[in-house]
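Please keep the structure in view while reading.

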Amino acid sequence: MNRTLLINEIFLSIQGESSRAGYPCVFVRLTGCSSRCTWCDTRYAMTNGTTTSLQNIIDTIAGFKTPLVEITGGEPLEQENVYPLMQQLCNRGYNVMLETGGFHPVSRVDHRVHKIIDLKPPSSGSSSNNHETNIRIALKAPPAEQALFEFKIVIAGKEDYEWATRLLQRTRINEHCPVVMGTVFSELSPAILASWILKDHLNVRMQLQLHKYIWPPDMRGV
Ligand code: SF4
């Protein structure tokens, strides 16, 4: 069967986020997302895309000669054929990352994939869609696999930060899996978020979106 995905773009860049920040990485951006976060920075990926066979995607990735690959969007888990794509990339020895908005359970994702799962705070406008199922899936995973779950919280202000600290206190997910926390670019100073984290001795990893400092913040394909 000739399986396809609707692809917005495939490009080589520097991984800007997560515990792999700084490494060269091939990004595969899938088209479409049923959510509408207020500060979404990839709205251009909501509709525009090219139907592409899995083989063609794999061949394009191979051309970049880079072992780290991130599947992103849009919301990649809204296209069924993303699952065999991730599996085939793992089978070929790639170090595969998935960036998901967190509204869909990651239970069908190949266990070898490094899963970056958003936890959406109130300012996103999508907080009610939050899928705490993924926290429960991560907590039940064998310890060796928990390292491949990473939760991401993007903070726009104090209300978001307090929401996040309550979530971490309630679930204790940051005692089991890495939790990265960053700011909505140009909405909240990283220095302010850093001061809150330090004051509260919060066990999270603060991150900046590296690509927005290397290149113009609204530049595509980086
Ligand atoms: S889940 Fe991600 S892609 Fe979808 S609207 Fe929110 S930020 Fe944008």
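## Packing of two helices

A crossing is left-handed if the near helix is turned anticlockwise from the far one by less than a right angle, and right-handed if clockwise. Helix α5 crosses α6 in the right-handed sense. Helices here are DSSP runs of H or I with at least four residues, strands are runs of E with at least two, and both are numbered from the N terminus.

Two packed helices are described by the angle between their axes and by the distance between those axes. For α5 (residues 158-171) and α6 (residues 190-200), the angle is about 35 degrees and the axes are 11 Å apart. The axes are lines fitted to C-alpha atoms over the stretch in contact, and angles run from 0 to 180 degrees between N-to-C directions. Lys158, Tyr161 and Thr165 of α5 meet Leu193, Trp196, Ile197 and Asp200 of α6, where contact means heavy atoms within 4.5 Å.

## Basis of the model

The model is predicted: local features need pLDDT of at least 70, side-chain atom pairs count only at pLDDT 80 or more, and totals for chains, interfaces and linings use all residues. Residues are numbered from 1 along each chain as its sequence is written, and side-chain values use heavy atoms, leaving out hydrogens and water.

## Arg29 in strand β2

Arg29 belongs to strand β2 (residues 24-30). Its relative accessibility is 7%, so Arg29 counts as buried (buried is under 20% relative accessible area, exposed is over 50%, and partly exposed is in between, with a 1.4 Å probe and protein chains only).

The side chains of Arg29 and Glu9 form a polar contact of 2.7 Å. Such a contact is a pair of N or O atoms within 3.5 Å; within protein, one must be able to donate a hydrogen and the other to accept it, and residues adjacent in sequence count only if both atoms are side-chain atoms. A polar side-chain atom of Arg29 also lies 2.7 Å from the backbone oxygen of Gly73.

## Two loop residues

Thr66 sits in the loop between α1 (54-63) and β4 (68-72). Thr66 is buried because its relative accessibility is 9%. A polar atom of its side chain is 2.9 Å from the backbone oxygen of Phe64.

Glu132 lies in the loop between β6 (114-118) and α3 (133-140). With a relative accessible area of 26%, Glu132 is partly exposed. Apart from neighbours within four places in sequence, Glu132 contacts Leu167, Arg170 and Thr171.
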